[in-house]
There are 2 protein chains.
Amino acid sequence: MKLTIQEVAEKAGVGVGTVSRVLNNHKSVRPETRERVQSAMFEMGFVPNPHARRVAGGKSYTVSIILQVIGTEFYLRLLNGLEKTLEAHRYDSALFPLIGRERIERYLNSSTLAYQSDGIVMATHNLGELYPDGKLPTRQPVVIVDGLNENYDSVYLDNRFGGELAARALSDFEGEIYAISVHQDIDEVFAKTVFDERIEGFKAALEEEGRPLPESHISTVSFNLDNARIAAREILENTTIPVNIFAAADLVALGVLEEAARLNLEVGRDVRVIGFDDHPWSAERGLTSVHQPVEAMGAAAAELLVDRLSGYDGAPRKVRFEPRLVERASTLHSDA
Amino acid sequence: MKLTIQEVAEKAGVGVGTVSRVLNNHKSVRPETRERVQSAMFEMGFVPNPHARRVAGGKSYTVSIILQVIGTEFYLRLLNGLEKTLEAHRYDSALFPLIGRERIERYLNSSTLAYQSDGIVMATHNLGELYPDGKLPTRQPVVIVDGLNENYDSVYLDNRFGGELAARALSDFEGEIYAISVHQDIDEVFAKTVFDERIEGFKAALEEEGRPLPESHISTVSFNLDNARIAAREILENTTIPVNIFAAADLVALGVLEEAARLNLEVGRDVRVIGFDDHPWSAERGLTSVHQPVEAMGAAAAELLVDRLSGYDGAPRKVRFEPRLVERASTLHSDA
DNA sequence: ACACAACTTGGAAATGTTTCCAGTAAACTG
DNA sequence: CAGTTTACTGGAAACATTTCCAAGTTGTGT
């Protein structure tokens, strides 16, 4: 049942060295030979033993993905992007959800599994809060995704810019302007959340447009639909129509849409809403949203890490992703 | 930097075989020798390489914990119980959160890490829904915790009985009786949630007590505090005082407490509440709750698995935990 | 004191890979 | 066409452990 490289070699009529080379994508294998070995592996259903690879080669072809929050659409998509790309490079991934404060310590504790992986992808986490020097206590390559860190390769979205986009779009309309931010209550290891950055960009751009946003027009909800609806109702019932709302996340914008429907307000005319994320369902709902290429960000982070694992040793790199506004029915110009 | 068993052996003045035997708790090592080796390991900060152990011995001393939901207090506590016990037996654990339906497939895919572990702990998951034969497609030992499965060792809480306990306690009081259940919207791979079982037990026992619970007195909320408060308000504002409420989870009961406070109702007299879980904070809040020994359940599951990994090969075992009612201020008898 | 069993122990073999070192064959040189 | 590169390839050594076997040590009964 347990196949080895030996048996593959035998079946393909080559030496074990060659099989190993095929496994590791070495260039110096004749295409024809490679083909033969590969089909032998396929036919036999051979799967290399990662532990043996690790022992022999010092690499385990496993990376650890450390996630702050789990179960939201954003992280699910991010994870898909990461894992898909890692898989393409033949890396396996293990998830380490950061639940409970002391967990990160345990993960990085020398004996544990995370430490045994070849590299680490860390999502949305501000290391500075936890480690004064902003570095993880490990010598493995680390890349940060959905965050920015001086010491490591980072992939980030310009959330501030996204807020600005929303501001410019809403500032053309008549009616009051509101913003709903999100309060990340799960764990306060963050210095500043992406949501804060979005709102900051929004405020700054509105200021520039000559329509400053009073603090009283900003509310903050925890990240769930029920709460979003409560906040939306609060706004919709206590202001004059039309009204314009920027929600720092699509899920929150959805709350606004639902509440507007309940109050028989016409979205796009009475209530204009812009979300943030542009999750797949936003299109169906006709929700204008600030688009962020979540999967692509995950993929980019994976590439950076694979790069490091393949020997690259330059200075930390930063990959900036720029959000863009996708306009839909929820901000149709009334004169259209 | 990378220490090996060789260097430990040298330092302790023994052979590598002996070091290995100490590492694996073999009986046939003289206590004195064992002591010497252990202190050598400690002084050098030696950590055995799990990959090499796996290659050589067929065991990796790693188990996979597959979790349905993550981030709630229950799972955090369960995980603590599991990991602590596994650690005591020198097993490392990797978490596999079940986000996204297809993930379990990927986890068990032969090449992936979960598959490479020695065993699997599966929490709260009803396998029958996913695999017709109710078995995971793997030959590793599996234990189910917070659930019940014919094919595997299972550790479960008698949730139905817990509901009954709550019913007997509330049925003595005057005033209407209500129940608030929880709707697990994350993923519907469950056949029946623990919450349903609690409510069923509650209904059945009330029936026996001659105070049947009308369907209209049962509401269902999603698992968060905001939602719980909404449901609580709904009940408290539309019924006569006193009223008695059974919440299928402490978090929901907390919503009742908070809403009662807001409405200036006295808990224990005007409103009597019983929660479920008896999380640590319940005591402080004076919340009567159905206690479940979460950590102990995790520990029990870990023991069952370790047992299997140590060679035990009997029929699937079932460990039943029985909840008990912890009475506090929220159900103080009015004549007390 | 002797035979025999029961403990301990050291070290070689085995685990499934990667990598290095030759060696062969093919492809260029001039 | 002999002399070099160059491109592949086979297989031994290495990786950090476990396990097995043989050997040594201690203890027991006579």
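## DNA surfaces, a sheet and helix pairs

The surface near DNA strand D divides by class into twelve nonpolar, twelve polar and four charged residues. Here Ala, Val, Leu, Ile, Met, Phe, Trp, Tyr, Cys and Pro count as nonpolar, Asp, Glu, Lys and Arg as charged, and the others, Gly among them, as polar. A residue is near a strand if its C-beta atom, placed from the backbone, lies within 6 Å of it.

This is a predicted model: local features need pLDDT of at least 70, side-chain atom pairs count only at pLDDT 80 or more, and totals for chains, interfaces and linings use all residues. Residues are numbered from 1 along each chain as its sequence is written, while chains are lettered from A and ligands numbered from 1 in the order in which they are written.

**The DNA strands**

Around DNA strand D there are 28 residues, and Gly15(A), Gly17(A), Ser20(B), Ala56(B) and Gly57(B) come nearest. The elements that give two or more residues to this surface are H2 and H4 of chain A, together with helix H1 (5-12), H2 and H4 of chain B. Helices (H or I, at least four residues) and strands (E, at least two) are DSSP runs, numbered from the N terminus.

By class, the surface near DNA strand C has twelve nonpolar, twelve polar and four charged residues.

**The sheet**

Chain A has an open sheet of six strands, in the order S7-S6-S8-S9-S10-S12, with mixed pairing. Two strands pair if DSSP finds at least two bridges between them. Strand S7 (218-222) and strand S12 (324-326) of chain A stand at the edges with a single partner strand each, so one side of each has no neighbour in the sheet. On average, neighbouring strands are turned by 20° against each other, direction ignored.

Strand S6 (residues 176-183) of chain A runs parallel to S7(A), joined by five bridges. Ser181(A) stands opposite Thr220(A) in S7(A). In chain B, S9 (residues 271-277) and S10 (residues 288-291) pair in the parallel sense over four bridges. Asp277(B) has His291(B) in S10(B) as its bridge partner. S10(B) also pairs with S12 (residues 324-326) of chain B, in the antiparallel sense over three bridges. There, Ser289(B) stands opposite Val326(B).

**Two helix pairs**

Two packed helices are described by the angle between their axes and the distance between the axes. Axes are lines fitted to C-alpha atoms, for helices over the stretch in contact, and angles run from 0 to 180 degrees between N-to-C directions.

| Helix pair | Angle | Axes |
|---|---|---|
| H11 (residues 225-237) and H12 (residues 250-262) of chain A | about 55° | 8 Å apart |
| H9 (residues 159-171) and H10 (residues 194-208) of chain B | roughly 40° | within 6 Å |

Its angle makes H11(A) oblique to H12(A). Angles under 35 degrees count as roughly parallel, over 145 as roughly antiparallel, 65 to 115 as roughly perpendicular and the rest as oblique. The contact of H11(A) with H12(A) has ten nonpolar, one polar and four charged residues.
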